[in-house]
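Hi there,

Here is the structure I promised to pass on. Have a look at it first, and my notes on what turned up follow below.

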Amino acid sequence: MLATLLYLMEGLILTLFVIFTSISWSKLLTKFFNFPLQSLSEELLIGFTLFNYFLIIPFLIVGIFTSAGNFFFVVYTLANVGLATFTFLAKVKRKKKCVLFTRRKGILIKIKMQEHSICTILFFASLAYLYITISLVTIFHTIYLDAADARLFYIPFAWSIKETGGLRINKYTGSVFDTRYAPLIPITYAYLSIFDEKLNRIYPLIYLIMQMFLIYDLALSLFKHLIKKNDERTVLGYLSTIIFICTPFVLASLFHYSLHVDLAFTFYLYLTLL
């Protein structure tokens with residue numbers, strides 16, 4: 001039981017790390033390049049893309065010409081922690097006063113429930129229930145029955161990257177400059193394995209989170225000219241997200257093929273539609 005709780009805690013820390021780092025990357029993009037981002041979901045999506053980009057592209061150079069890949073992973077992690085910390089401190093510094101609680105005539109908080117607020121609460125409650133359920137099944141469901149590609153290609157490739165520190169040779173296939181497989185997933189798994197190999201089961205769920213934000217934004221864009229009221233568009237965005245997370249393709253990808261490239265591929269494919 002304790003091991004399970006520690007595993008889930010590691011997953012929570014990884015998820016928060018990726019989310020805060022993604023927001024920090026998007027803030028950096030906005031500050032230095034005046035790139036317009038209109039919502040938190042856009043910040044997460046663009047920042048998550050940059051997070052993966054600056055993990056994969058520099059590592060391709062490091063991995064091909066040197067064996068210092070593991071050192072690069074550590075430096076990249078420290079750089080992201082520093083970036084997230086700097087962004088957080090800069091945001092806190094801009095706020096002159098932070099009020100956590102207010103008291104007025106003995107009443108701490110007065111909430112006026114509106115139809116939109118109730119819908120939002122129900123949406124996040126349903127989404128949290130679905131996400132927690134799917135996460136538990138994904139994490140503890142064996143991948144060794146159906147995930148042949150992961151067992152034969154992606155995971156051994158990631159092990160080779162971790163053990164050799166580069167891409168010049170694949171220890172498990174004997175091939176040199178193994179370019180038969182897309183490097184995104186193996187490099188990502190090698191990066192996570194530096195800290196804990198079990199985190200490989202968690203990372204696909206982060207892609208699921210990003211895809212939920214992506215589907216929400218796509219729904220708002222789709223209904224922008226059809227429905228004028230913002231509240232109605234928001235409700236349709238909520239429904240689209242819940243429908244997406246319940247589709248058989250998503251569930252099958254998570255339960256049986258979470259270590260494959262399907263979730264990453266669909267995320268970047270849908271991202272081009274924004």
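From the N terminus on, the elements of the chain run α-α-α-α-α-α-α-α-α-α, which comes to 10 helices and 0 strands. Helices (H or I, at least four residues) and strands (E, at least two) are DSSP runs, numbered from the N terminus.

Before you read on, please keep in mind that this is a predicted model, in which local features need pLDDT of at least 70 and side-chain atom pairs count only at pLDDT 80 or more, while totals for chains, interfaces and linings use all residues. Residues are numbered from 1 along each chain as its sequence is written, and side-chain values use heavy atoms, with hydrogens and water left out.

**The chain as a whole**

Of the 274 residues, 41% count as buried; buried means under 20% relative accessible area, exposed over 50%, and partly exposed in between (1.4 Å probe, protein chains only). The accessible surface comes to about 16,400 Å², and 71% of that belongs to carbon and sulfur atoms (areas by the Shrake-Rupley method with a 1.4 Å probe; for residues, only the protein chains shown count as cover). For contacts (heavy atoms within 4.5 Å) between residues at least 6 apart in sequence, 74% join residues at least 24 apart.

**The core**

In soluble globular proteins, nonpolar side chains tend to be buried together. I looked for nonpolar cores, meaning sets of buried Ala, Val, Leu, Ile, Met, Phe, Trp, Tyr and Cys residues joined through side-chain atoms within 4.5 Å. The largest one has 63 residues, and those with the most contacts inside it are Leu 14, Phe 48, Phe 73, Tyr 203, Tyr 207, Leu 208 and Phe 267. Helix α7 gives the most to this core, with 12 residues.

Phe 267 is also one of the buried residues of helix α10 (residues 262-271), along with Leu 263, Ala 264, Thr 266 and Leu 271. Seen down the axis of α10, these residues fall within an arc of 165 degrees, so they line one face of the helix; the arc is that of the directions from the helix axis to the C-beta atoms. They pack against α2, α6, α7 and α9 (248-255).

**Aromatic rings**

Rings of Phe, Tyr and Trp (its six-membered ring) pair if their centres lie within 6.5 Å; planes under 30 degrees apart count as stacked, over 60 as edge-to-face and the rest as tilted. By this rule the count comes to 19 aromatic pairs. In one of them, Tyr 53 and Phe 54 have ring centres 5.2 Å apart and planes at 90 degrees, so the pair is edge-to-face. Tyr 53 is partly exposed at 45% relative accessibility, and Phe 54 is partly exposed at 31%.

The rings of Phe 73 and Tyr 191 have centres 5.3 Å apart and planes at 55 degrees, so that pair is tilted. This pair links distant parts of the chain, with Phe 73 in helix α3 (residues 69-94) and Tyr 191 in helix α6, 118 residues apart. Phe 73 is buried at 0% relative accessibility, and Tyr 191 is buried at 4%. Ring pairs also link Phe 73 and Tyr 191 into a cluster with Phe 17, Phe 51, Phe 59, Phe 72, Tyr 76 and Phe 195.

**Salt bridges**

With a salt bridge taken as a side-chain nitrogen of Lys or Arg within 4 Å of a carboxyl oxygen of Asp or Glu, the count comes to 4. Lys 27 and Glu 43 form one of them (3.2 Å, N to O). Lys 27 lies in helix α1 (residues 2-33) and Glu 43 in helix α2, so the pair ties together parts that are 16 residues apart in sequence. Lys 27 is partly exposed at 33%, whereas Glu 43 is buried at 14%.

Glu 197 and Lys 162 form another (3.7 Å, N to O). Here Glu 197 is in the loop between α6 and α7 and Lys 162 in helix α5 (residues 148-164), 35 residues apart.

**A buried Asn in a loop**

Asn 200 sits in the loop between α6 (184-193) and α7 (203-222) and is buried at 7% relative accessibility. Leaving aside its neighbours within four places in sequence, Asn 200 is in contact with Tyr 189, Leu 192, Ser 193 and Leu 259.

Best wishes
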